[in-house]
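Q: I would like a close look at one part of this model. Please keep it brisk and connected.
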There are 2 protein chains.
Amino acid sequence: MQRKSLISDECPIARSLERVGEWWSILIMRDALHGLRRFDEFSRSLGIAPNMLTRRLNGLVEVGMLERRPYSQRPLRYEYVPTAKGEDFRMVLMSLVAWGNRHYAEEGTSVEVVERQTGRAVQPMMATAEGQLIPLDQCVVQAGPAASTGMRQRLESIPQ
Amino acid sequence: MQRKSLISDECPIARSLERVGEWWSILIMRDALHGLRRFDEFSRSLGIAPNMLTRRLNGLVEVGMLERRPYSQRPLRYEYVPTAKGEDFRMVLMSLVAWGNRHYAEEGTSVEVVERQTGRAVQPMMATAEGQLIPLDQCVVQAGPAASTGMRQRLESIPQ
DNA sequence: CAGTATCCTGTCCGATACTG
DNA sequence: CAGTATCGGACAGGATACTG
């Protein structure tokens, strides 16, 4: 992931992808958010080569998605737990699950996202802080105070 | 993306990533959903090498995210427009934007997602079909009717 | 303008072997 | 159990030149 193009600085999507853009990283986050903690747990769950697992785990720690926490001295052993930032990534994963469900349900396993207590189906939507739902097509990405002029023009030219 | 591991069949996230897991593909979808249509538009917006653009564009057409549509005969010219599946991917992108905003706002450009008419800030949340918001930590991924036993156990073991 | 054709590099990833 | 050390292959991605 050495794209380092101009857009990386400008676009929040590109910026995000730079950190978690790798396939395994996302899958590891999925498992971490499912409660997996230890090297061996990830290893078995994912069937990933150990060197890759080490690399991705370290990478996720570096970008602040996971925290490395000793759970045993002698021998020194670490477990990997999601940070607040990593925990917050759950929403992205949920969106991905929901999207995949809608479009790839036929093939193989079907899953659904539900409210734990009632079992009612839930799906990602946009909403205001007051809890009012806003249709997706009413939502636009807007340049914030710190946006550069270039980015501002980019955004304002969006028909959407 | 030749991972073809067992999980790919079982997990909706892995399945989704198999289609759109590449960096450029996601960025292209972002631009397509912003209204860009033509080769040249993508090319300029992304600064991507033309061969890569062709490759990714074809890939996205193949997996059904974009539709190739002739907009001129002689010479025969195509434009690329999001299919329903591609359009639906917008929610995932919005989640990614929102997440990136919350955690990478400080560096470089800051943007925000707002309701177009009122300018009120909006964010992705989980909700039922009736529009009732459900806190993320109350949401679980549940095996649907078609789920295999293995997957079912995986999911049920989630503490979450 | 909308690509195709080549060539090249980096690195993601897999497989396997080894260690305290 | 939790990694480290190597090796090799596939391919994403970059750069550049060329075409109807």
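In the hairpin of β4(A) and β5(A), which residue takes a positive phi, and how many residues lie between the strands?

A: The model is predicted. In this hairpin, Gly131(A) takes the positive phi, near 95 degrees. Four residues lie between the strands.

Strand β4(A) covers residues 122–128, and strand β5(A) covers residues 133–134. They pair in the antiparallel sense, over two bridges. Within this pairing, Ala127(A) stands opposite Leu133(A).

Ala127(A) also has a partner in the other chain: its bridge partner in β4(B) is Gln123(B). That contact belongs to the pairing of β4(A) with β4(B), residues 122–128 of chain B. This pairing is antiparallel too and runs over seven bridges.

Four of them form an open sheet, in the order β5(A)-β4(A)-β4(B)-β5(B), with antiparallel pairing. β5(A) and β5(B), the latter at 133–134, stand at the edges. Each has a single partner strand, so one side of each is left without a neighbour in the sheet.

Buried here means under 20% relative accessible area. Five of the seven residues of β4(A) are buried, so the strand is largely enclosed by the rest of the structure.

Definitions and conventions. Residues numbered from 1 in each chain as written. Chains lettered and ligands numbered in written order. Predicted model: local features only at pLDDT ≥ 70, side-chain atom pairs only at ≥ 80, totals over all residues. Heavy atoms only, no water. Buried < 20%, exposed > 50% of the residue type's maximum accessible area, 1.4 Å probe, protein only. Pairing = 2+ DSSP bridges.
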